[in-house]
Amino acid sequence: MNSKEIMNIIIKISETIKYKDSMLNERHLHHMFTSLLQKKQDLLNLTSLTLEDTILHPEWPTYKKQSKIDCGRYKKENNKYILHELGTAGFIDFAFGDYNKPDIGVEFTLKYSWSKEEITYDFIKLLDKDNNFHTSISYNIIFRKNQLVKNKRLLNFEKAMNDAYLEAKKRLNKNICNDNRNIFFIISEIDKTNERRHWHYSKQNRKFVNGLPIINLKNKLYL
């Protein structure tokens, strides 16, 4: 399993998941993701005696004293998550690789409206240089109970995406990862008729742009 295969699964989800009226939550998305993963490869072998056979780690802690994991630490102040040397662990929805130093981090959200602080916090964890991922993936679904937003609401929605990214960078300051890290941040908007559109963060444009990303990870296999 490698970054490209994981991204192909996420893109498959983005193209096939269907709107459900207030029924779905993020856990449904997690289970869909792991089901598709396990069809590709046994990543969660809990019967083996060797740690190397278990390379999928749900709710991976960025800090855990017992396991000697000492990566990003965070604290919530004034309803905002910030870096803090005396803070606690941030939890990554899924990490892949060595438990103590995973190569890939994946975060998901599934909402019926925009949740700036939750998405900003996910971006912070995935961009934090102390969480030494080779590839960081954020996939966010917004279900619309009516139509896809348009006109001024669309402009505001796109601004909110970019504001969340810029806010994450601001809070990280000098602790932001370098350009060697692969960044795949995707936002999908899906309405009740299953019309959909997508955005992804473009390093080249330094903002979210329309469409799904082109997966180009030449010879970068991390697992």
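E9, H4 and E10 form a right-handed β-α-β unit. The model is predicted.

The unit belongs to an open sheet of seven strands with mixed pairing, in the order E1-E7-E8-E9-E10-E11-E12. Strand E1 (56–61) and strand E12 (207–210) are the edge strands, and each pairs on one side only. On average, neighbouring strands of this sheet are turned by 25° against each other, direction ignored.

How do the strands pair? Strands of a sheet pair through backbone hydrogen bonds, either parallel or antiparallel.

| Strand pair | Direction | Bridges | Residues opposite each other |
|---|---|---|---|
| E8 and E9 | parallel | eight | Ile-104 and Thr-135 |
| E10 and E11 | antiparallel | five | Ile-190 and Arg-196 |

Now look at strand E9 (135–144). Is E9 mostly covered or mostly open? E9 is mostly covered, with 10 of its 10 residues buried. In a regular strand the side chains alternate between the two faces of the sheet. Thr-135, Ile-137, Tyr-139, Ile-141 and Phe-143 point one way from E9. Ser-136, Ser-138, Asn-140, Ile-142 and Arg-144 point the other way, and all of these residues are buried. The chain reaches E9 from E8 through H3, and this β-α-β crossover is right-handed.

Helix H3 (residues 116–127) lies across E7, E8, E9, E10 and E12, and runs at about 170° to E8. Helix H4 (residues 151–172) lies across E9, E10, E11 and E12, and runs at about 35° to E11.

Key. Residues are numbered from 1 along each chain as its sequence is written. This is a predicted model: local features need pLDDT of at least 70, side-chain atom pairs count only at pLDDT 80 or more; totals for chains, interfaces and linings use all residues. Side-chain values use heavy atoms; hydrogens and water are left out. Two strands pair if DSSP finds at least two bridges between them. Helices (H or I, at least four residues) and strands (E, at least two) are DSSP runs, numbered from the N terminus. Axes are lines fitted to C-alpha atoms, for helices over the stretch in contact, and angles run from 0 to 180 degrees between N-to-C directions. Contact means heavy atoms within 4.5 Å. Buried means under 20% relative accessible area, exposed over 50%, partly exposed in between (1.4 Å probe, protein chains only). A crossover is right-handed if, with the strands pointing away from the viewer, the path from the first strand over the helix to the second runs clockwise.
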